[in-house]
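Hello,

I am passing a structure on to you, and below it you will find my notes on what turned up.

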Amino acid sequence: MKQAVEAQVLIPHCQLGEAGLRQILTDVIEEVRKSVSQDLDGAEILHSLLNASWLHSLLKVYECLGQYLRDSPAPFLDFASGLTFQLLIDIRSLPGSSEEARELYRLLRKPHMQALLFAHDTVAHRDYGPVLPPMPEELPDDEEATRTVCLVKNKQPLGATIKRNESTGEIFIARVIHGGLADRSGLLHTGDRVLEVNGFPVDGMEPEQVIQVVQARSQGTIIFRVIPMTERPVHNKTMLYVRALVDYSPQQDPYIPCADAGMSFQKGNVLEIVDQTDALWWQARKLPDHAACAGLIPSNNLLKRKQKELWWSQPYQPQACFQTLSTVEEEDMMAIDENCVEADEEAFESEEFRDEDDDFSTNTKGIYLAGFRRSMRLFRRRSHNTSQPTCPTRCPSSCPSSCHSALCSPYEEVVRYQRHTQDTQRLIALLGPPNVGVNELRRRLIETNPDIFQGALPHTTRAPKEYEESGREYVFTSREIFNNMVQNNRFLEHGEYKGNLYGTSYDSVKEVLKGGKICLIDIEPNAIHAVRNHELKAYIIYVKPPPLERLQETRQDSCITTNYYINRPFKSEDFQEMEELSEKIESHFRQFFDHVIVNDKLQDSLDQLMSAVRKAQNQPQWVPARWIRPTTTEP
Ligand SMILES: Nc1ncnc2c1ncn2[C@@H]1O[C@H](COP(=O)(O)OP(=O)(O)OP(=O)(O)O)[C@@H](O)[C@H]1O
């Protein structure tokens, strides 16, 4: 086959004659025949196709046409019938004409010969077009050209909206939806004035009545008589992709010009904006979606302007930013369960090492698994349950939850990003409600793949215990240095627990990444913003609990550690709390999740996690455009 393809490339098109295409086909058939004898897949079908007589006839026609084009024959005479006429007169006037002359006379007078010569002259004069009546010298100024547009509707919507000029009652095409029937026809345009639909004059009608006339025919031909818009608006066709940071439902939006043409979307959906001609209403497609037809969505500015009104599926609640994350009151956390080991602060701290030795293998093949200490995790648990906003230093400007970021911009421009093999690995950040299993998954992944994964070493102002070493369990530091680091934004997450400060610094994450490993950390929702940046390019995986009955089944032998108890079995309130918090975290932050894992069976979750991490590192993903083009402003 290779031989044939190369031949096609080498022989210039103009030389394809008798030995051209058909020769190539013969070569191809010969190659395919060899493949048939080698029993290659599909070779037999290809062989019979290439041998088909219709294909050979088609190629002959093609070659003849090619030959005709190359020869480009020109008529010898423009007016052969005139010459014939002259010849007939001359023969008739000969005194004693010969037998040959008389035969020529008879031949030239035959009707088919006359018709042939007439056809010759028509072709020679290229006289094939219809004869149009001459244009009138002067057209009256008020005369408008109308166009009859005939569309064949096939149950799908027309893909155009109409509006009425309130003062004149005239009906116009308001917008043509990209990829819809009207758009694909290329015959109806924004601004065209509609005079008639299926023979009904529409001037003065309400738009709804016009639509009824259109809809009266769900299928078949619809005929519009329109006055085309003379100056068509330039379509602002862009290649803009955005991630929705809010939910939107056209059916709940009283301001949308045509709800049926609207497109609903949810936080986290990636949208392809196909038209921004209208400053208020854009046209977009939801990805990944193979629907050809776009839908109307509010523009960035419009959505910003309207976001305080009750037209989103979720009303705006700025104060709910973090408070909604608190479902469990401090008092509830204090409840004492007699069946469990109670530990006061001292006892708890003193149990910590032994406990961690039992619970977590912190040293696998000489590699210390950073970030698993209880105190660090308990400081996080506190962040989950506190009723105080947990990002006082950052809010409101960089609050990651939907409320504030949506206030800034309801859409985030995104681009497709594929990590180069020589680039550092993307940070993998796990997130989930307390006790869902984030640490279990993280620990197991690091333990089983210590050459690939590593956690980030946390900082603390707590005094080191005898057995602890700075740079192994924690970076032990002074309060002064810690506060200094806070002020210089050196922590992606930090907080206080039992009078001690804890935090995960950017530097400790970067250290792991620089070492060529994948840094695997767990974060609280309020740290999402801190890790979503150009340098770390965090891939955020949300770990979600399975339904309640599966939680009860899978966790019956598992234990948890709360602020007050070490290793107590799960109680039904824990599951309830986990579900409730999970819903709240999802409803506020799901727009930032790159992947969601339902932690049902542990091994399945580990497999899913591993494959999600591989995808994040090796396959193209949608990421904020500002990570790739740092100067990009939001749409
Ligand atoms: N899929 C699972 N099946 C059964 N038990 C699980 C599963 N996932 C986690 N567990 C168990 O649930 C308990 C809590 O898990 P883990 O400590 O990882 O929670 P967490 O999300 O890290 O919460 P926190 O950060 O608040 O400690 C542990 O005993 C763990 O072994």
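What does the accessible surface of the chain come to, and what percentage of it belongs to carbon and sulfur atoms? The surface is about 34,800 Å², and carbon and sulfur atoms hold 53% of it; areas are from the Shrake-Rupley method with a 1.4 Å probe, and for residues only the protein chains shown count as cover.

Please keep in mind that this is a predicted model: local features need pLDDT of at least 70 and side-chain atom pairs count only at pLDDT 80 or more, while totals for chains, interfaces and linings use all residues. Residues are numbered from 1 along each chain as its sequence is written, and side-chain values use heavy atoms, with hydrogens and water left out.

**Overall picture**

The chain has 635 residues, and 45% of them count as buried. Here buried means under 20% relative accessible area, exposed over 50%, and partly exposed in between (1.4 Å probe, protein chains only). There are 23 helices and 25 strands, taken as DSSP runs numbered from the N terminus (helices H or I, at least four residues; strands E, at least two). Among contacts with a separation of 6 or more, 69% join residues 24 or more positions apart, a contact being heavy atoms within 4.5 Å.

**Aromatic rings**

The whole structure holds 9 aromatic pairs. Rings of Phe, Tyr and Trp (its six-membered ring) pair if their centres lie within 6.5 Å; planes under 30 degrees apart are stacked, over 60 edge-to-face, and the rest tilted. One of the pairs is Y474 with Y502: the planes meet at 55° and the ring centres are 6.0 Å apart, so this pair is tilted. It links distant parts of the chain, with Y474 in the loop between β16 (458–460) and β17 (475–476) and Y502, 28 residues away, in strand β19 (residues 500–505). Both tyrosines, Y474 and Y502, are buried. Elsewhere, ring pairs join Y248, F265, W282 and Y411 into a cluster.

**On the surface**

L46, L49, W54 and L58 make a nonpolar patch of about 410 Å². Patch members have over 30% relative accessible area and no salt bridge; nonpolar side chains (Val, Leu, Ile, Met, Phe, Trp, Tyr) are joined within 5 Å, and like charges within 9 Å. A salt bridge, in turn, is a side-chain nitrogen of Lys or Arg within 4 Å of a carboxyl oxygen of Asp or Glu. Helices α3 (43–50) and α4 (53–71) each give two or more residues to the nonpolar patch. W54 lies in α4 and is exposed, at 52% relative accessible area.

E480, in helix α17 (residues 479–487), is also exposed, with 66%.

**Cysteines**

How many disulfides are there? The search finds 0, with a cut-off of 2.5 Å between cysteine sulfur atoms. C64 is exposed at 53%, whereas C559 is partly exposed at 44%.

**Backbone points to check**

Most residues other than glycine have a negative phi, and most peptide bonds are trans. The bond from L287 to P288 is cis, with omega near -10°, and P288 sits in the loop between β9 (281–287) and β10 (295–298). N198 has a positive phi, near 50°; it is in the loop between β4 (193–197) and β5 (200–201) and is partly exposed at 22%. K537 also has a positive phi, near 45°, in the loop between α19 (528–531) and β21 (539–544), but K537 is buried at 12%.

Best wishes
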